[in-house]
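Biologist: Hi! Could you walk me through this one?
Modeller: Happy to, let's have a look together.

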Amino acid sequence: MFPERFSNLPAYAFPRLRALLDVHEPGGSVIHMSIGEPKHPFPAWVGEVLAANVGEFGKYPPNDGTPELLDAIAGWVARRYGVTVDAATQVMALNGSREGLYNAAMALCPERKNGQQPVVLIPNPFYQVYAVASVSVNAEPVFVNATRDNGHLPDFTALPVETLDRAALIYICSPANPQGTVAGREYWERLIALAERHDIRIIADECYSEIYRGDPPPGALEVAAEMGADPERVVSVHSLSKRSNLPGLRSGFVVAGPESMKRIRQLRAYSGAPLPLPIQRVSERAWSDEAHVTGNRALYGEKYAMADRIFGNVPGYEPPRAGFFLWLPVEDGEAAALKLWQETGVRVLPGAYLSRDTAAGNPGKGYIRAAMVAPMQETEEGLTRIRDCLYGQ
């Protein structure tokens, strides 16, 4: 006997990609651009901090994070966003941002909203954990298309009042994966005001917040504070994976209002896995240091300029404002990804694997996602092959 609640989930993006590509031989030396796994060097002191604290693998770690780590996170939030949060009651360390994005729904989504099944609002395309979280709490996922016409930012305000009154959670990613779009202050203000009117909690996925060109992206916490919004309105999730090139560290954090955090921590106490102490020590150092983040951002700045040069004459190309993905327009994403693989050996992800069909169409079908995470020369070679193969330039 097996549960049916997950039976209608589509295959995850990367098994789908393997089924599409791996039955064919690559048409050249393989360049992996499908997975957003940062390849820039992480700070040299990571190994030193781990070695200095390796003996702490012999201890059970604090469930919510050491006081030192929570203080370091609160300090970073204050420096980055100008917002004061209480480390003891509003911050929790995470085993990567995915844990927080999933468990926030588990801990905070009510069983009923205004006497009905709750709705979880999800941008489309989206990070797939949002959808499985909504199914896990027996909510109805409503996918809201983010397209070129709306600046790749979902317009939740256009939804019917009946849907908004049932909505319990809104997931939003800024800077966005995969489009690299940044939600500006006006967007955040409209979204937070909408959430206040309809009593919806916003789960802000901000793990790409430190990879950008130009001005730093505004954050949900700072705009909510400026507006004087309910302190329980926003849950913000961050990670060291992209910021510090430490995806294997599996370290992030969640910030929320005290009542929300009480419930998030309670769930972690029963079902979560705290970060090992040596990992917490590295994380504390990472959130306290900006030099390595500045250097990392400069490398991505060079890649943005490279992408603009390579694709500048491609019709429909939109330079990303942040993140490390290119969201490239094609006639059909699956066909384009297969053509690239068979003719050049470049591996990219069809956009439809990151989105769902809706009454208004599938906003990812006419795109591919290419990750600019490899070393500079390899990235340039991969982008050039994409341009020459798909756009004939």
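Modeller: Let's begin with charged side chains: Glu196, Asp199, Asp230 and Arg233 are linked in a network of salt bridges. A salt bridge here is a side-chain nitrogen of Lys or Arg within 4 Å of a carboxyl oxygen of Asp or Glu.

Biologist: Nice! What should I know about the model?
Modeller: This is a predicted model, where local features need pLDDT of at least 70, side-chain atom pairs count only at pLDDT 80 or more, and totals for chains, interfaces and linings use all residues. Residues are numbered from 1 along each chain as its sequence is written, and side-chain values use heavy atoms, leaving out hydrogens and water.

Biologist: How many salt bridges does the structure hold?
Modeller: It holds 22 salt bridges. In one of them, the side chains of Glu290 and Arg243 meet at 2.7 Å, N to O.

Biologist: And where do Glu290 and Arg243 lie?
Modeller: Glu290 is in the loop between α12 (277-288) and α13 (291-311), while Arg243 is in helix α10 (residues 240-243), so the pair ties together parts that are 47 residues apart in sequence. Helices are DSSP runs of H or I with at least four residues, strands are runs of E with at least two, and both are numbered from the N terminus.

Biologist: Is Arg243 buried or exposed?
Modeller: Arg243 is buried, at 2% relative accessible area, and Glu290 is partly exposed, at 29%. Buried means under 20%, exposed over 50%, and partly exposed in between, using a 1.4 Å probe and protein chains only.
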